[in-house]
Structure formats: structure tokens, C-alpha cells
Amino acid sequence: MTALGDVLRSAACWPAALVGSLLASVLAWRLGALSADGAAAAVAVGTVVAGAGGWGWAALLLGFVAAASAASALPPRPQAPRRNARQVLANGLVAAAAAWLHGLEAVSAGPAFAAALSAAWADTWATEFGVRYGGRPRRLWDRKPLEPGASGGITAAGTAAGVVAAVCCGGLAGALGIAPAGWTAAAGVAGMLLDSAVGGAVQAHYRCTACGRETELTRCGCGARTRRVRGLRWVDNDATNLLATAASGALGLWWSLPGRLP
Ligand SMILES: [Zn+2]
């Protein structure tokens, strides 16, 4: 009876997870937060997280999405570009993989899921707050001044916002019974710092051929083409984000091994 009940319960859960993710993603697309392919990726991530992890996990994911969207709407630059599928997956793929593992009941992957979201949340807030209120960013290890918004640069305002984000994610994960608050916050801060280190050391950086501005994009904001000046061509901002969330997720997975957590 119990086994049959479990099957019925999970069978009812997945369609509801799909419908809920579809509604939330269409809303985000209508509000201008997601592109069409970004919304499709968000449906996939949301369905796996809610279907395999359950509604508590979906609530933590929604908390991150709402916090990230709210930060993009801050003055003085409230118009953020729509997030595309690559950006959605860079922030959500590791969390979805952790939920999938958890659903298989092979491992208790709550800490990995919360840690990956904590890193994504911290990095998003660090970027959004840092670009607006942080002034000139400096490289993590040698304090070299960089262009505002450049990957690998940190600002006091951005770092403070990132720490607050990790603490928010930890508090929410703890309240929802997914993972311990302190561990989750620490994993988020570690992911944010790794993101800055990788962003500064190996991510591709370009210089505009027209206005000379340094950017992480292959096309400058002024519309002209850019030339790569350092970093690896295939390591863009999304690859850096994916690596940072994967590292934090791995840390969370290690913690959730038997005997590691108090
Ligand atoms: Zn330019």
C-alpha cells in the first residue's frame, strides 16, 4: 500500500510541477525577465526541482528567482536584458541535477541543491548591486582596477550584497528544512569568491575596436566589434557561473555524505 501510495503521489506531483513551472515561466517572460528560450529552460529546471525535490525545494528556487529579478529592477538602471537559456542553465542546471539525484533517493542532496542556489544568488546580487552602487571594481587577488561590471572584479557594495544574499538563501533553506542555514550561506560565499577568481583569471575578456572599452562580451555596448585581449575563448560569463555553482554544489554534496553534518 505504501509503495503504491508513493507512486500515486509522485505521479500527481510531476504534472503539477510542470504546470506550476509553466505558469511561473510564462509570467517571467511576460514581465520581460526571460527570453523565449530562457523561459523554456526555466520550465525544465522548475519541473525537475518541484517534481523531484518537492514544493519546499520549489519555494527556495522561487525565492532565488524573485530575489534575482528584484535586484535587476533596482534604480538607476531598472531595465535589465531578458535572461536567455544559457544564463538560466548556468544558474539552475546544478540545482536541477541535485534535485534529480535527490529524487532517485541515491543521496540526500538538499545541501548540494541549497549550496548551488546560494552561490547563484550571491553572485547575482554581487553583480547587480556592485554594478549600480559599487564604483570601480578591483580584481580579487591584486586589487587591479577594472571596468564596472567586468567579471573577476569585486566591489565592497557587491560583496556585501552577495554575503547578504547567501545568508538569505541559507535562512530560507534552513526554514524550509532543506539544508543547514550556516553551511548553505558559507557555500554561497565560497562560490561567489570562486566566480570572481575564475572570472578574473581564465574568463575571456575583450576590448572594443572602436571605443577601447574592456568588456566580457563579443560585441561592445556601442555596437562595434571587440577583440579578445586575455582569457580562454570558450570561458564566458555563463561558463564561469556554471563552474561556481557546480563547485558549491559539490561542496554541499560532500557535506551531505553520512557523518559529515552535525
Ligand atoms: Zn565600444
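**View 1. Cysteines and the search for disulfides.** Across the whole structure, which is a predicted model, a search finds 0 disulfides. A disulfide is a covalent bond between the sulfur atoms of two cysteines. Among the cysteines that can be looked up in this model is Cys13, which counts as buried because its relative accessible area is 18%, and the cut-off for that word is under 20%.

View 2. The zinc ion is coordinated at 2.3 Å by the SG atoms of Cys208, Cys211, Cys220 and Cys222. The angles among its 4 donor atoms run from 104 to 125 degrees, and the site of the zinc ion is tetrahedral. Read along the chain, the donors of the zinc ion follow the spacing C-x2-C-x8-C-x1-C.

**View 3. Accessibility of individual zinc donors.** Cys208, one of the residues that coordinate the zinc ion, is buried, since its relative accessibility is 5%. Cys211, by contrast, is partly exposed, with a relative accessible area of 42%, and Cys222 likewise counts as partly exposed, at 45% relative accessibility. Both of these words rest on cut-offs, with buried meaning under 20%, exposed meaning over 50%, and partly exposed lying in between.

**View 4. Ser118 and its surroundings.** Ser118 belongs to helix α5, which spans residues 110-133, and this serine is buried because its relative accessibility is 0%. When its neighbours within four places in sequence are left aside, Ser118 is in contact with Ala166, Cys169, Thr184, Ala185 and Gly188.

Conventions: Residues numbered from 1 in each chain as written. Predicted model: local features only at pLDDT ≥ 70, side-chain atom pairs only at ≥ 80, totals over all residues. Heavy atoms only, no water. Disulfide = S-S within 2.5 Å. Buried < 20%, exposed > 50% of the residue type's maximum accessible area, 1.4 Å probe, protein only. Helix = DSSP H or I, 4+ residues; strand = E, 2+ residues; numbered from the N terminus. Contact = heavy atoms within 4.5 Å. Donors = N, O, S within 2.8 Å, 3.2 Å for Na, K, Ca; no water. Tetrahedral: all angles 85-135°; square planar, octahedral: opposite > 155°, others 65-115°.
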